[in-house]
Amino acid sequence: MARGITALVLLVLPATAGTRELRVCADPNNLPFSNAAGQGFENRIAEIIAGDLGAKLTYTWWAQRRGFIRNTLKAGRCDLVPGTPANLEMLRTTAPYYRSSYVFVTRQSGPDVTSFNDPRLRDLRIGVQLIGDDGANSPPVQALGRRGIVGHLVGYPVYGDYSAPNPPARIVEAVASGEIDLAVVWGPLAGYFAQKQRVPLRITPVTPRIDGPQLPLMYDISMGVRREDDALRGDVNSALARHKAEIDAVLAQYGVPRLDMPGSPVR
């Protein structure tokens, strides 16, 4: 009997040792996208992909700031980056699994702005996202600046105070509190945090969605791998296609405004 158990263990061990691993690069404090507790929608989608591939899901956690790709994927610490713009040059990207845009966020009782060309914007306190440690201008800031709408802008860093949970939420909370009249926010972030406010908020995709030839305000979102990793890219593409309905359901649950699904509700 003991000999039979030993033989069985020897048969099982090589298979266990050879279990595939899906190593994901992610931010540990960046809801609604990801966090170390696995509560973000990119965490949920990574679980779906890993399950399809029969792989163990592991993470390399790194704050998604300047140098994120260099210190994670390109350093060989992990192999897959969820939530990257399609065709990002430094990566090889998968087929997109959703399209979203920047959105206007107002209180339900506030102005129903739908366009950067709305003249009311000149008199509103407008929250905008600042990117990077140096507070670089986001695409909405550039769109507003092109129209001379600069006098009442209030900047909210995308990174914020990283010692606090969910630093990107501050701009949406500012709309709810009345600190600002309107904010222009990346759609998935706005949709998620708007659902958590005590006052009802309105979310409207911005127009124009491409402001001149050089300024897109909507993006197809993919996953990224190293440029030479065709095998993993192919496997992930297949998994994304097989589980499209599940992934769409996750995105809907998190309030992601979609431009690639006609009739999708925009909260």
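Guide: One term to begin with: angles under 35 degrees count as roughly parallel, over 145 as roughly antiparallel, 65 to 115 as roughly perpendicular and the rest as oblique. Axes are lines fitted to C-alpha atoms, for helices over the stretch in contact, and angles run from 0 to 180 degrees between N-to-C directions. Also, this is a predicted model, where local features need pLDDT of at least 70, side-chain atom pairs count only at pLDDT 80 or more, and totals for chains, interfaces and linings use all residues. Residues are numbered from 1 along each chain as its sequence is written, and side-chain values use heavy atoms, with hydrogens and water left out.

Visitor: Good. At what angle do α2 and α8 pack?

Guide: About 165°, with the axes 10 Å apart. Helix α2 covers residues 41-53 and helix α8 residues 244-253. The two are therefore roughly antiparallel to each other. Helices (H or I, at least four residues) and strands (E, at least two) are DSSP runs, numbered from the N terminus.

Visitor: Which residues of α2 and α8 make the contact?

Guide: From α2, Phe41, Arg44, Ile45 and Ile48. From α8, Glu246, Ile247, Val250, Leu251 and Gln253. Contact means heavy atoms within 4.5 Å.

Visitor: And by class?

Guide: The contact of α2 with α8 has 6 nonpolar, 1 polar and 2 charged residues. Here Ala, Val, Leu, Ile, Met, Phe, Trp, Tyr, Cys and Pro count as nonpolar, Asp, Glu, Lys and Arg as charged, and the others, Gly among them, as polar.

Visitor: Zoom out. How many helices and strands does the protein have?

Guide: There are 8 helices and 13 strands. Of the 267 residues, 47% count as buried. Buried means under 20% relative accessible area, exposed over 50%, partly exposed in between (1.4 Å probe, protein chains only).

Visitor: What about contacts along the chain?

Guide: Take contacts between residues at least 6 apart in sequence: 76% of them join residues at least 24 apart.

Visitor: Back to helices. Which residues of α5 are buried?

Guide: Ile171, Val172, Ala174, Val175 and Ala176, in a helix that runs over residues 170-177. Their cover includes β7 (98-107), β8 (126-131), β10 (153-157), β11 (182-186), α6 (187-194) and β12 (201-205). Just after α5, glycine 178 takes a positive phi of about 90°.

Visitor: Is asparagine 87 buried or exposed?

Guide: Asparagine 87 counts as exposed, at 66% relative accessibility. Asparagine 166 has a positive phi too, near 55°. Its place is the loop between β10 and α5.

Visitor: Where are the cis bonds?

Guide: One joins leucine 31 and proline 32, with omega about 15°. Proline 32 lies in the loop between β2 (29-30) and β3 (34-35). Another joins threonine 207 and proline 208, with omega about -5°. Proline 208 is in the loop between β12 and β13 (218-225).

Visitor: Last one. What is glycine 83 in contact with?

Guide: Leaving aside neighbours within four places in sequence, Glu42, Tyr97, Ile221 and Ser222. Glycine 83 lies in strand β5 (residues 81-85) and is partly exposed, with a relative accessible area of 28%.
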